[in-house]
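Here are some notes on the cavities and the nonpolar cores, meant to be read beside the coordinates.

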Amino acid sequence: MPIVHNGAVTSCVFFAVSGNSYSAGTFISSTVGVPALTHSFCKQNNPAVQTMDPSEVEFLAEKEMVKIIPNFSLDKIYLIGGDLGPFNPGLPVDVPVWLALNLKQRQKCRIVPPEWMDVEKLEEIRELERKEDAFTPVPSPYYMELTKLLLNHASDNIPKADEIRTLVKDIWDTRIAKLRLSADSFISQQEAHAKLDNLTLMEINTTRTFLLDSLNCMYKLRSNLQPGSNKGKALDY
Amino acid sequence: MDSQAYLPVPPGVGMEENFFSLDDILLSHERLSCRTECAFPRLGFLEKSGDTRDIAEGTKMELPLWLAKGLYERKRRVVSVEVPKVYREGWRTVFSADPTVVDLQKMGPYYYGLGSQMLHFDSPENPDVAQSLLQTFIGRFRRTMDSSQNAYNEDTSVLVERLDCLERQRLSSCKHFLLSLPGG
């Protein structure tokens, strides 16, 4: 019972399946060319709905690139995922977040906050989010995780860290409220199709288990209305 | 990330129960009031109130669900099962008015499960019962969703005590997730 979805910023995919058949018409899909990473992380098998840990999402977020200013020098290093460097003191270089945090903790670099992590920009995004009914495009597909990681480890390099934390939390709350509203109307009107754009992986993760579980239950209760279609069909172990 | 060595089998929500599910096994202990349609000779000991050796035709007794399901057969008319009060007309109106108000734990902790099993017994009210179950579930969805997402640090016993077993299980499956959310 795979839950396939791409962590892309543009849309999310929900498959609600119960047993071995699709839930009555709840099919949402869209595609963007980002590989379906989550399938390999999701937990195991029938009949429970698969879950994804927030720590896994954070792990994926650490692949994003961020600019740092090192205080050491090192030649170019060749890693499996790509080349990094060369590192020269005082010159900015792009590295993945996992490396940036590690260097910061060893006090070997200074982290430059990403462009979107700025009070005015975030305020604009927050106002836009509050005005619109649909989801607005996010500054980064992992804005929540990056904010938490960078502000926890490198708040001395980021100006107005507390305000940024509050603003990002506001944006998150607004988006989650919209998501809950839309899930609620989806269920209460028993619609068959929904398309949500601009959701991030972390937000999808919050409702995934509950929503899919409920859709499964609804499917089974709905199939009670047509008796005889289900008699004799029990889950096999 | 934790992996489970013991993976509990969830209850089958529809008309079929899962054989290995503990919830379904407990559900089948619920008693239903039935009326026997034929005599049961020498089984008088089953009925606690009477002292007769046989059970006469037309006796009203309480049978557990597993026994009633096994004995029920449309053609041979062994027992006929009454729909419990919660699924009848009066309560159905209450549920259609406002499903969130009712304390489902008190109504029998297996409201949805027992309701689905009742559909086996071919009563004329079956379509209405099935429809009412679905509408109640949908109506309570919002409340359960809110409590599952917002109450991870607080004592949820007040909210949880009004929920039926199925809803509680869905709540607890989300609970561990909430504990690991990053900073809010």
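1. Which residues does B:Y112 touch, not counting residues up to four places away in sequence? With contact taken as heavy atoms within 4.5 Å, B:Y112 touches A:L221, B:L104, B:L133, B:T136, B:F137, B:R140, B:D164, B:L166 and B:E167.

2. This is a predicted model, in which local features need pLDDT of at least 70 and side-chain atom pairs count only at pLDDT 80 or more, while totals for chains, interfaces and linings use all residues. Residues are numbered from 1 along each chain as its sequence is written, chains are lettered from A in the order in which they are written, and side-chain values use heavy atoms, with hydrogens and water left out.

3. B:Y112 also belongs to the largest nonpolar core, where B:L32, B:Y87, B:Y111, B:Y112 and B:F121 touch the most other members of the 49 residues. Such a core is a set of buried Ala, Val, Leu, Ile, Met, Phe, Trp, Tyr and Cys residues joined through side-chain atoms within 4.5 Å, buried being under 20% relative accessible area with a 1.4 Å probe and protein chains only. Helix 5 (residues 126-150) of chain B supplies the largest share of this core, eight residues.

4. A second, separate core of 42 residues includes A:L146, A:L149, A:I164 and A:I176.

5. Domain 1 (9-82) and domain 2 (84-183) of chain B, whose bounds come from an automatic or database domain assignment, both give residues to the lining of the largest cavity, so this cavity lies between them. On a 1 Å grid over the protein atoms alone, a cavity is a set of points where a 1.4 Å probe fits but cannot get out, and lining residues have an atom within 4 Å of a point.

How values were computed. Buried < 20%, exposed > 50% of the residue type's maximum accessible area, 1.4 Å probe, protein only. Helix = DSSP H or I, 4+ residues; strand = E, 2+ residues; numbered from the N terminus.
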